[in-house]
Every structure is written in C-alpha cells, then in structure tokens.
Amino acid sequence: MTTLSSQERVNRMLGHQDHDRIPRRDAIWPETIRRWQSEGLHGDEDTVMEMLGCDLHELAQAIRPAPFPGQEVIVAQDELTKTVRDERGTVCRYWKHKSGTPEHLSFGCDTREAWEKVYKPALLANPIQLKLPAICREDALCRSRRKWGIVKILETFEHTRGLMGDEITMIAMADEPDWILDVSHTFTDLTLRNLSAILAAGVQPDGLWIFSDMAFKTMTFCSPAMYKELIWPDHKRLIDWACAHHMKTVLHTDGNVNAVIDLYIEAGLDCLQPLEAKAGMDVRVLSPKYGEKLAFMGNIDAMVLKENDLNLLEHEVKTKFAAGMKTKSYAYHSDHSVPPQVSWSTYQALIQLINKYGNYE
C-alpha cells in the first residue's frame, strides 16, 4: 500500500477509507517525560511524538475566551502551592512543582445577576483572544511537514463548568435553563468569531479538536434529554460550522458517554476520543456498533500501561487495534494520558506494538 502523508492518512481514516496505517497521537504527563529522561530518553515530548510517528500538529493553544484575559492574581501561596484568581474570575489552588487538577475554591460567576452584569459584558468586550502570528507560523510548519493541522477549542459545557463550577452549573441546568442557554450561546458565538479570525488570516485547519469532559465513571453529568435540550444545539452549531469550512471534528471527553453517542452521530461528529477504558468505554464494543458512522481514537488503557507488563500490553493493543481497524476508522491514543508510572522501556515497547499491529495489508 502506498505510504500516505499524515494529512492524507487522517482524512482517509475519518472518511472510513483505505489507508496505510492507523494515525497516531498521544498525551504525556510532564512528570512522565522527566522519568523517561532519567531512563535514557534523549529529548523531550516532541522527540517522543516523532518516534511515535504522530500525525497531528497543533496550530494553537486551545481557544478559550475569558472575561479577564491574562489575569493571574496571587491570592495566597506556600512552599508547595499557590492560590490564584484566574482569567475566568475563579479562585484555584495549584501545585507549584507538579502537575495535577487544581482545587477550585470559589467562582465569581455564581449567580445569573453576576453573569449578566459582569461576566457576559466582560466577555463581549474582548471578543478576539488569539495570537495570530504564532498560529500562522505553526500553520506554515504544519503544511511543510504535511501533518493534519488542528485547532483546539473548548465547547460550551466545559466553558460553563469552568466559569461557574459543577454545582452551580448542574443546579442551573435544572432550575434556570435559560441562563445556561445564554451562557452556551455566548461562548459558542465567541468561539466561532475567533475561528473565523483564524480563517481570515489565511489559515485553513484540517480539523477542530473539541474539548469537553461531560461525564464521569458511570454516566454523563446530565441526562441525555437535558444534554439534547441545553448543550447539544451548540455542539451541532460548532460541527456544522466546521463542516461548512471543510474541517473534520474530534470530540475529547473523559468518562462514560455511551448514552449520548447516538446524539454525537446525529450532530455530525467525525471522531470520538479518548474512550476512557476505566469508565466503561471499549472500542471492541463501540466499533462494531458505530464504526461505519463514527471514527474512534484512543482506548489503550493507561492502567494497563502502568503495569509495565508487556504481555498484558500486547493483548490490549492487539485486540483493540483489530476491532477498530475493521471499519478503517481508528487512530491510536492512550485512553487519557500516559502517567509517570510507565517506564521508558514500556513505552518504547508500545511503539513497537503499534508498528506491529497498526498497519493495513
């Protein structure tokens, strides 16, 4: 089979067409890279992605319009942590010397009045929040390497939770749905304005990578019916916009989203990622059921990776690749990100397994 460029390969995978090998990408914790450097890695994450044969190229940091762009006010700090009021007006505590999910302490946008009087006007006063020269440079580099260029965006549910917090968001979805709809529409409008500015600068991404963690271990944060009423319309609006501008769409969401996959397909989504195994997502089940309509990326279990057992790892890769590749609509990714318990020798073995099982005849 003819060797394809990354751009051709990913487009053909998303189109359920013949291609030479599965596309590849991964996410790796900074602590993991530091461990690997102590175990013989000469380089950084970019070096690992080159060894993996990564097919995707990020053109920009995630587009995430904020009411107070660039704000980071130190509220408190000690030897291990710092507490800041960030560009969304939320107060969070972060580790200073290691990665991890921040502790959310308070949310300024905690009422509809605060949204309407402070946060919405502040967002609308700063509609374009991009570093266009840097995006243009990355686009030129992407084209020269014939990679599949992506722009990351946050979708409306992720924006709403980030601005208001989970508790306020969930209660408002039940008690004040019009407020949620207003927040959703506002963020989607701003996201599309920023994306249009990228196109106006002469950049043509191949795809949108849409970030949304809308589920936990056993189910989505809200019912499928509530998702369809309050969030799905703006998901569809983003996907329709991408389609109209010749882009494919990949949705990242952790957790168990089995109950809403049909709605993703109805919205026109092209690919679902990362298929978190410990939350009950399994490409061996999903691909036979949906693989003719939806591509899948991921599902190689990080919990298996960190066992550093090559027999277990080979079974994981072999069985999941076989299922995903039957419909020619599967790409490699870990099912979340590679944790620091994974040794450098294990990850090198993983790359060898990807090379062994990830090629089409």
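The legends below describe close-up views of a predicted model.

Local features need pLDDT of at least 70 and side-chain atom pairs count only at pLDDT 80 or more, while totals for chains, interfaces and linings use all residues. Residues are numbered from 1 along each chain as its sequence is written, and side-chain values use heavy atoms, with hydrogens and water left out.

**View 1. An open sheet of 4 strands, in the order 2-3-4-5, with antiparallel pairing.**
Helices (H or I, at least four residues) and strands (E, at least two) are DSSP runs, numbered from the N terminus. Two strands pair if DSSP finds at least two bridges between them. Strand 2 (73-77) and strand 5 (103-107) stand at the edges. Each has a single partner strand, so one side of each is left without a neighbour in the sheet. On average, neighbouring strands of this sheet are turned by 25° against each other, direction ignored.

**View 2. The hairpins of strands 2, 3 and 4.**
Strand 2 pairs with strand 3 (residues 81-85) in the antiparallel sense over 4 bridges. Ala76 stands opposite Thr83 in strand 3. This hairpin has 3 residues between its strands. Strand 3 also pairs with strand 4 in the antiparallel sense, over 5 bridges. Here Val84 stands opposite Cys92 in strand 4. The hairpin of strand 3 and strand 4 has 4 residues between them. In its turn, Gly89 has a positive phi of about 80°.

**View 3. Strand 4, strand 5 and helix 6.**
Strand 4 (residues 90-95) and strand 5 run antiparallel and are joined by 4 bridges. Thr90 has Phe107 of strand 5 as its bridge partner. Helix 6 (residues 156-164) lies across both strands. Helix 6 runs at about 75° to strand 5; such angles run from 0 to 180 degrees between N-to-C directions.

**View 4. The buried side of helix 1 (residues 6-14).**
Ser6, Arg9, Val10, Met13 and Leu14 are buried. Buried means under 20% relative accessible area, exposed over 50%, and partly exposed in between (1.4 Å probe, protein chains only). The five residues named cover an arc of only 125° around the axis, which puts them on the same side of helix 1. The arc is that of the directions from the helix axis to the C-beta atoms. Their cover includes strand 1 (56-58), strand 6 (148-154) and strand 8 (248-252). Strand 9 (271-273), strand 10 (295-297) and strand 11 (330-331) are also among the covering elements.

**View 5. Helix 8 (residues 177-200) against helix 10 (residues 232-244).**
The two axes come within 10 Å and cross at roughly 10°. Helix 8 is therefore roughly parallel to helix 10 (angles under 35 degrees count as roughly parallel, over 145 as roughly antiparallel, 65 to 115 as roughly perpendicular and the rest as oblique). Contact means heavy atoms within 4.5 Å. Helix 8 contributes residues including Ser184, His185, Thr188, Asp189 and Leu192. Helix 10 contributes Asp234, Arg237, Leu238 and Trp241. The contact residues divide into 5 nonpolar, 5 polar and 3 charged. Ala, Val, Leu, Ile, Met, Phe, Trp, Tyr, Cys and Pro count as nonpolar, Asp, Glu, Lys and Arg as charged, and the others, Gly among them, as polar.

**View 6. Helix 12 (residues 283-290) beside helix 14 (residues 310-325).**
Their axes come within 8 Å and cross at roughly 5°. Helix 12 and helix 14 are therefore roughly parallel to each other. Val283, Arg284 and Ser287 of helix 12 meet His315, Thr319, Lys320, Ala323 and Gly324 of helix 14. By class, the contact holds 2 nonpolar, 4 polar and 2 charged residues.

**View 7. Backbone details at His16, Arg146 and Pro274.**
His16 lies in the loop between helix 1 and helix 2 (30-38). Its phi is near 60°, a positive value in a residue other than glycine. His16 is partly exposed, at 24% relative accessible area. Arg146 is not a glycine, yet has a positive phi of about 60°. Arg146 sits in the loop between helix 5 (132-145) and strand 6. Its relative accessibility of 46% counts as partly exposed. The peptide bond from Gln273 to Pro274 is cis, with omega near 5°. Pro274 lies in the loop between strand 9 and helix 12.

Cys54 counts as buried, at 11% relative accessibility. Leaving aside neighbours within four places in sequence, Cys54 is in contact with Ser6, Arg24, Arg25, Met49 and Lys147.
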